[in-house]
Amino acid sequence: MKRLALVAAALIASVPAIAQTAAAQPAPESFRERGVEDEIIYFVLPDRFANGDTQNDRGGYPADRLLSGYDPAHKGFYHGGDLVGLTEKLDYIQGMGVTAIWFAPIFKNKPVQGKPGDPESFSAGYHGYWVTDFTRVDPHFGTNADFEAFVAAAHARGMKVYMDIIANHTADVIRFAEDEYVYRGKGDYPYSTRGGPDGPAINEGFDPADPSAENWARLTDPSFAYTPVVPEAERHAKVPAWLNDPIYYHNRGDTFWIGESSVDGDFVGLDDLFTEHPRVVNGMIEIFGDWIDRYGIDGFRIDTAKHVNPEFWQAFVPAMLARAEARGIPNFHIFGEIAYDTPDAVTAARVMAEAGLPYALDMGFAKTAQLVASGRESPAVMADFLLQDVIYPGGAVTATGLPTFLGNHDFGRFSMFLRDYAGTDDRTELLARTKLGHAMMFALRGVPTVYYGDEQGFISDGNDQLAREDMFESRVDAYNDNGLLGTDATTAQANFDAGHPLYRLIRELAAMRTGSPALRRGLSIVRGFDHEGPGLLAVERYDAASGNRVLAAFNTSKEPITRDIAVNYDARALTPLSGECPARVTAPGSVRLTISAFGWAVCELETG
C-alpha cells in the first residue's frame, strides 16, 4: 500500500497538466460511448497484413538481411507490411463488422537478434516485441505521422484502436561479463552482495520491500547476480534515455517460466525491466500515457502481464484510466496477456485479482473452444468453463468484457487445433467446425476477437512464426504449401476476399451480435449440455437492462440432434438470429430444437 500511495501522489501532481489538455478536447464522439463489451476486435500483425509503402521495407537500414531484418522469403524476418497498408485496408476490415483494431506493437525495435557467429539463430523484430524506442514507430512500419493518420482514419469510421504494449522487457542489449545466462535467484545472489552471499557488500541499506524513493536511491550497483555490460555500439540504443542504465533491469539471467524467475528473469535474453523500481513505474506511466495524450487511442493489450510484479499494475492501470478519462476516452479497454493453455478461468482470475487488471485475454475460452468444437471433449467442458465466470474480480459481469479468441500468433490458428484434435484433414469438416467455433465465440459471453487471416481460411503449421502468414502475396514456402479452408487460393496470392465463406459468416455473426443487447452484455445461464461425447451445448443470455433474452445452442457432433431445452418461463415465441429456430416454445419453460451436424441456433426469446 505504501508503494501505491507514493505513485498515486506522483500522479495527482500531474493531474492539472492533464486536465488542461482535456479541457481543449471536444466532447466524446459517439464511438467513444460504446462500452468495452460492445466491441468486435480484429487482431493483426502489421508486418504481415498489407504493404502500402515499399520504400520502408528495409526500415532505412542497409540491404543486408542481418542488418535490416528484411527477408520476405523467411518466416522470421520482416516482410514489408506497414501502417499505410493497414490504413488502406480499413474498408476490408470494417466490412466484417469489426469495431476495434488491435495490432501487434509498432514501437521501434532492434531489427535483428541472434547468437553471434550463428547466422541460423537470427530473426527479426517484425512482431514488435523487441523495443528499443518506446516513443516512435518502427521505421519498417512507417512514421509517427503514419500512425496518427491511421488512428484518425479508424476513428472517422467509428472504429477504436487498441495498442499492444510491453512493460516487462526491452530488446536484448545488456550482456553479462560472465558470458553465462542461467537464472540466478535472490537467495543465492541477494541485492546486498556482489556475486553471492559471501561476496563484497554492495547497495548498503537497500531493502527491495521498501517502496520509498530514498530506499531505491541506495540501489547503485547492478552486479549482484551478474556483471551487466552494454556494448559500446548500443550504449544509447534505448529511448527514453533512462532505459540505457542497467540499474533499471533485474540482470539475473533467463527465466525458466515458473516461480521467481517468471517475474525477474529475461525472456530468452530480452532485458527484463526492474518493474519494482519507482523510476521504472513512473517512466512506463509517462511513456504509454503520452501515446494516449498524443493520439487518443482507445485501449491497451498488455503483453506478458503475469510476468510483471502485481504492484506495478496496481499503479499503472489506474494511471492509464485517469489519463484516458482526461483525454475524453471514457471506455478505455485494458486487457492483459495472462498466458496459459488449460480450459479454465483460474489463472486469469487469480492474476487479475492480484494485479488489479480489469480484463484479460480469455485464454481459457480459446482452449475450451478448441477442445469442444473439435469434438475432442464434450460440451460439458464449455458448460463448466462458463460456470466459472463468477470467480473473476467483479463476478460474472467482468467476463462480458474479456476478449475471447479461438487462436492467435503465439499458440497457432484455430483450424490447426481442430485438425489436430479431430484427427482429420477433411477440408469440408474442418470448415464446418471452424464456422461452429466462430458461432460460439460470437454468441457466448466475452468480446469476440478475430485473428487476421482466419476469415480467409488460413491454417497454420504450428505456433509463433508458423502462425503469422502474409495476407499479401507471400514468398514463404512454409506458408504457401498450405491449402486454405473455403477456397482454392493459397497464401502465394493476396487474400482479401470479401466473398470468402468465413468472411461472410463473421460479417453475419457480427451484425447479429451488434444488434442484440443480450449477446453483447448478457450474463450466461447454462441450459443444457451433453457430457459424454460430442453433442449439445445450450446457453441462455440475459441482459437485465433491456430485458433481452437469447438462447444459443450448438451441435458439436457429426449427426443432427433434436433436444428439449429449458428456457425462461416467460418465453413464448422465438425469432431466429442465426440458424433455424421454431416459432414457438413447446411448453412454458421448454423449447424443442433440431440442429444440424456442426450447426447452431441463436434465437431471441419473446414474451407474450
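Author: Happy to! One term before we start: two strands pair if DSSP finds at least two bridges between them. Also, keep in mind that this is a predicted model.

Reader: Good. In what order do the strands of the open sheet come?

Author: The order is β12-β11-β10-β7-β2-β1-β14-β13, eight strands with parallel pairing. At the edges sit β12 (359–360) and β13 (403–404), each of which pairs on one side only.

Reader: How many bridges join β2 to β7?

Author: Four, between residues 100–103 of β2 and residues 160–165 of β7. Trp102 has Tyr162 in β7 as its bridge partner.

Reader: Switching to helices: at what angle do α8 and α9 pack?

Author: About 25°, and the axes of α8 (residues 278–295) and α9 (residues 310–326) are 10 Å apart. Angles under 35 degrees count as roughly parallel, so α8 is roughly parallel to α9. The crossing of the two helices is right-handed.

Reader: And which residues of α8 and α9 make the contact?

Author: Among them are Val280, Met284, Ile285 and Phe288 of α8, and Phe312, Phe316 and Met320 of α9. The contact residues divide into twelve nonpolar, one polar and four charged.

Reader: What about Tyr295, is that residue buried or exposed?

Author: Tyr295, found in helix α8, is buried because its relative accessible area is 9%, and buried means under 20%.

Reader: What is Tyr295 in contact with, leaving aside neighbours within four places in sequence?

Author: With those set aside, Tyr295 is in contact with Asn144, Phe147, Glu148, Val151, His155 and Arg327.

How values were computed. Residues are numbered from 1 along each chain as its sequence is written. This is a predicted model: local features need pLDDT of at least 70, side-chain atom pairs count only at pLDDT 80 or more; totals for chains, interfaces and linings use all residues. Side-chain values use heavy atoms; hydrogens and water are left out. Axes are lines fitted to C-alpha atoms, for helices over the stretch in contact, and angles run from 0 to 180 degrees between N-to-C directions. Angles under 35 degrees count as roughly parallel, over 145 as roughly antiparallel, 65 to 115 as roughly perpendicular and the rest as oblique. A crossing is left-handed if the near helix is turned anticlockwise from the far one by less than a right angle, and right-handed if clockwise. Contact means heavy atoms within 4.5 Å. Ala, Val, Leu, Ile, Met, Phe, Trp, Tyr, Cys and Pro count as nonpolar, Asp, Glu, Lys and Arg as charged, and the others, Gly among them, as polar. Buried means under 20% relative accessible area, exposed over 50%, partly exposed in between (1.4 Å probe, protein chains only).
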